[in-house]
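Hi there,

Here is the structure I promised to pass on. Have a look at it first, and my notes follow below.

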Amino acid sequence: MFKKILIANRGEIALRIIRTCHEMGIKTVAVYSTADKESLHVKFADEAVCIGPPQSNQSYLKIANIIAAAEVTNTDAIHPGYGFLSENSNFAKICKEHNIKFIGPDIEAINKMGDKSTAKETMEKAGIPIVPGSKGLLESLEQAKEIANQIKFPIILKATAGGGGKGMRIVNNPSELEKSWQDAKREAKASFSNDGLYMEKFIEDPRHIEIQILTDQFGNVSHLSERDCSIQRRHQKLIEETPSPFIDQKMREKMGEVSLKACKYINYEGGGTIEFLVDKHHNFYFMEMNTRIQVEHPITEQVTNIDLIKEQIKVAAGEKIENKNYYPQSYSIECRINAEDPNHNFRPCPGIIKNLHLPGGHGIRVDTHVYSGYQITPYYDSMIAKLISTGPTREEAIKKMVRALNEFIIEGIKTIIPLHLKILNDKDFIKGNFTTKFLEIKNFSNITQKVN
Ligand code: MV4
């Protein structure tokens, strides 16, 4: 087992990883930008190394600085968390060259899944259901027109380097295709320096349901069932839950089995997530694979009793996992607490947290790095906490979440807690009747009141 792990991340996930390392008797190294000097991940790690100024591209994305920090501290392994360098195969390669274990899958797997068009072609070969569309990248506007006429409008153009909505255009009829093609290409080039596009039939009003998987180097594979991440705003997930109210045990087993087939086909090793689009007829289609730990992993941990970070570390250290699947033993929901003003188009609200009271009690978990007096800077994403409720039924998990949201006191900055309360009190949400269109349709406005 590793003696020392460097955590190449910040915020709640850095703290989350440090906690598991300490439970496993592994020493930890935090890295931090000058903006995060007073952050909890710095205080709780055994050692901490400053890696640069606040801007991410000069600190948390600066490979040379992170490797230097690992070298001077004699680190065995690096956990990249999510975001930043977590899906950067060049970083994984440089770790390897320095004899430092990158806690994640191998370079080939990261590359294959990072390019979305390649990922889709690979999955088709593996026999995984995919959305009908172009085979690989589109070669010209003319070819795009041809394929669109075959699969019929509406279609969607997606950037192969994308994911998360950038460089994506929905096209409803032939007259819009040329402009959408050019817009998507321009946006993809500006965002990713890669203007490769592919096309799919547009699935109206889908659900976003993903399967957590875990595999080791000995061919043992596990899936840990699904997370329903349909409650999103502009491709940012706001609420995730497991099990999904939309799928039954039979479909859960089917999606799990398909996900493991995908993992075996690419010899995947480590933790990962396979994202599916699910249509109203319960058909599911491969969308993307994330080769990292995800923000919403705690709800899976809550209902399966598995520590996913611990399993990632074990697999990276060459240990075996159990060759079995895990099904939800309870219900869990996560609300992402973002420092944003929901009444002003979700603008970020940096500032000092003057007073903080975290909720607690039975069935409540809070993953956060903030404390009273903590300064939220404008340099990083606005998620400051994850509130996770767990109960024996969905109804009880919702009630616990409402209770905990009402206990949550954060003064000095605005958060999206009032929006969460509106969603959790919505009749359709309570019935489990929602898709990725939910927030657009509901258009919750003037969010001020406390709801019980
Ligand atoms: C789609 C789709 C409908 N049909 N693909 C959005 C982000 C990117 N990961 C893929 N996305 C979508 N792809 C086809 N063929 C609808 C979306 C989509 C979406 C997906 C998941 C969660 C929220 C969404 C919001 C709008 C569009």
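At roughly what angle do the axes of helix α4 and helix α5 cross? Helix α4 (residues 89-97) and helix α5 (residues 107-114) have axes that cross at roughly 175 degrees and come within 9 Å. Axes here are lines fitted to C-alpha atoms, for helices over the stretch in contact, with angles running from 0 to 180 degrees between N-to-C directions. So α4 is roughly antiparallel to α5, a label used for angles over 145 degrees. On the α4 side the contact (heavy atoms within 4.5 Å) is made by Ser-89, Ala-92, Lys-93 and Lys-96, and on the α5 side by Ile-107, Ile-110 and Asn-111. These contact residues divide into three nonpolar, two polar and two charged. In this grouping Ala, Val, Leu, Ile, Met, Phe, Trp, Tyr, Cys and Pro count as nonpolar, Asp, Glu, Lys and Arg as charged, and the others, Gly among them, as polar.

Before going further, please keep in mind that this is a predicted model: local features need pLDDT of at least 70, side-chain atom pairs count only at pLDDT 80 or more, and totals for chains, interfaces and linings use all residues. Residues are numbered from 1 along each chain as its sequence is written, and side-chain values use heavy atoms, with hydrogens and water left out.

Now to the sheets. Helices (H or I, at least four residues) and strands (E, at least two) are DSSP runs numbered from the N terminus, and two strands pair if DSSP finds at least two bridges between them. An open, antiparallel sheet of eight strands runs in the order β13-β12-β9-β10-β11-β14-β21-β19. Its edge strands, each pairing on one side only, are β13 (284-290) and β19 (364-368). On average, neighbouring strands of this sheet are turned by 25 degrees against each other, direction ignored. Within it, β9 (residues 207-215) and β12 (residues 270-278) share nine bridges in the antiparallel sense, and Leu-214 stands opposite Gly-271 in β12. Helix α9 (residues 249-265) packs on this sheet and touches β9, β10 (221-233), β12 and β13, its direction making about 110 degrees with that of β10.

There is also an open sheet of three strands, β7-β6-β8, again with antiparallel pairing. Here β7 (169-171) and β8 (197-201) are the edge strands. Three bridges join β6 (residues 155-159) to β7 in the antiparallel sense, with Val-171 of β7 as the bridge partner of Ile-155. Helix α6 (residues 116-126) packs on this sheet, touching β6 and β8, and its direction makes about 50 degrees with that of β8. Helix α8 (residues 174-192) lies across β6, β7 and β8 and runs at about 170 degrees to β7.

Finally, the cavities. A cavity is a set of points, on a 1 Å grid over the protein atoms alone, where a 1.4 Å probe fits but cannot get out; lining residues have an atom within 4 Å of a point. Volume is the space filled by probe spheres set on the points, which are joined across faces, edges and corners. How many cavities of 30 Å³ or more does the structure hold? It holds two. The largest has about 60 Å³ of space, and its lining includes Lys-101, Glu-269, Gly-271 and Gln-312. Helix α11 (308-316) and strand β12 each give two or more residues to that lining, and α11 gives the most, with three. About 30 Å³ lies in the second largest cavity, where His-79, Ser-86 and Arg-292 are among the lining residues.

Enjoy exploring it!

How values were computed: Angles under 35 degrees count as roughly parallel, over 145 as roughly antiparallel, 65 to 115 as roughly perpendicular and the rest as oblique. On a 1 Å grid over the protein atoms alone, a cavity is a set of points where a 1.4 Å probe fits but cannot get out, and a pocket is an open set with protein on both sides within 12 Å along at least five of seven lines; lining residues have an atom within 4 Å of a point.
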